Amino acid sequence: MHILTAPMLAAGITLACTLPLQAFELTFEWGALKLCTSGSPNTVTNPTFILTDVPPGTRFIRFKLVDNDAPGYRHGGGTIAYSGADTILPGAFSYKSPCPPNGSHTYVWHATAQRAKNGGVIKVATSAKDYP
């Protein structure tokens, strides 16, 4: 326990208490995603996302899919109003499915916790999986 005395306060001395930072985390499963290996993605609904330790102040979460093996391809994603639920079910938004033309690719979902719909980034969580 730290006790601040009047002379310490007058001198501007403060004590910092450190708390462990909670990690904003994201997991997902491809689920019943139709197999696609032609290089021409389908438009599909989002997978089920499980969120852990969403930062305080989060009002929106922006999801974006990136193909690590073809980062220039835009799979898209969506922004949802965050209601406090840790599970985001399919149907919250649509995106272009993974569809690697030459073998398996690694795909990464990014979830960005935001204060406002178009900005105010608080923290980003990522989760990667190979497909197919």
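This note walks through the predicted model in numbered points.

1. **How to read the model.** Residues are numbered from 1 along each chain as its sequence is written, and side-chain values use heavy atoms, with hydrogens and water left out. This is a predicted model, in which local features need pLDDT of at least 70 and side-chain atom pairs count only at pLDDT 80 or more, while totals for chains, interfaces and linings use all residues.

2. **The overall layout.** The protein has 1 helix and 9 strands. Here helices (H or I, at least four residues) and strands (E, at least two) are DSSP runs, numbered from the N terminus. Reading from the N terminus, the order of elements is α-β-β-β-β-β-β-β-β-β. Contact means heavy atoms within 4.5 Å. Among contacts between residues at least 6 apart in sequence, 67% join residues at least 24 apart.

3. **Surface and interior.** Of the 132 residues in the protein, 33% are buried. A residue is called buried under 20% relative accessible area, exposed over 50%, and partly exposed in between (1.4 Å probe, protein chains only). The protein exposes about 8100 Å², and carbon and sulfur atoms supply 55% of that area. Accessible areas come from the Shrake-Rupley method with a 1.4 Å probe; for residues, only the protein chains shown count as cover.

4. **The core.** Which residues touch the most other members of the largest nonpolar core? They are Trp30, Leu51, Phe63 and Trp109, in a core of 25 residues. Strand 1 (25-28), strand 3 (49-52), strand 4 (60-67), strand 8 (105-116) and strand 9 (119-131) each supply at least two residues of this core. Strand 8 gives the most, with 4 residues. A nonpolar core is a set of buried Ala, Val, Leu, Ile, Met, Phe, Trp, Tyr and Cys residues joined through side-chain atoms within 4.5 Å. In soluble globular proteins, nonpolar side chains tend to be buried together.

5. **Leucine 51 up close.** Leaving aside neighbours within four places in sequence, leucine 51 is in contact with Phe24, Glu25, Leu26, Ile61, Phe63, Tyr82, Ala85, Asp86 and Ile88.

6. An open sheet of 3 strands has the order 1-3-6, with antiparallel pairing. Strand 1 and strand 6 (87-88) are its edge strands, each pairing on one side only. Between strand 3 and strand 6 there are 2 bridges, and phenylalanine 49 stands opposite isoleucine 88 in strand 6. Two strands pair if DSSP finds at least two bridges between them.

7. **The hairpin of strands 8 and 9.** Strand 8 and strand 9 run antiparallel and are joined by 11 bridges. A hairpin connects the two strands through 2 residues. In strand 9, lysine 129 is the bridge partner of tyrosine 107.

8. The closest N and O atoms of the pair are 3.6 Å apart. A salt bridge is a side-chain nitrogen of Lys or Arg within 4 Å of a carboxyl oxygen of Asp or Glu. Glutamate 29 lies in the loop between strand 1 and strand 2 (43-45), and lysine 129 in strand 9, 100 residues apart.

9. **One disulfide.** A disulfide is a pair of cysteine sulfur atoms within 2.5 Å, and the count comes to 1. Cysteine 36 and cysteine 99 form this link, with their sulfur atoms 1.9 Å apart. Cysteine 36 is in the loop between strand 1 and strand 2, while cysteine 99 is in the loop between strand 7 (94-96) and strand 8, 63 residues apart. The link is left-handed, with -70° about the S-S bond. Are these two cysteines buried or exposed? Both cysteine 36 and cysteine 99 are buried.

10. **Two phenylalanines.** Phenylalanine 60 lies in strand 4 and is buried, with a relative accessible area of 16%. Its C-alpha is 4.8 Å from that of tyrosine 82, although phenylalanine 60 and tyrosine 82 are 22 residues apart in sequence. Phenylalanine 93 lies in the loop between strand 6 and strand 7 and is buried at 8% relative accessibility.
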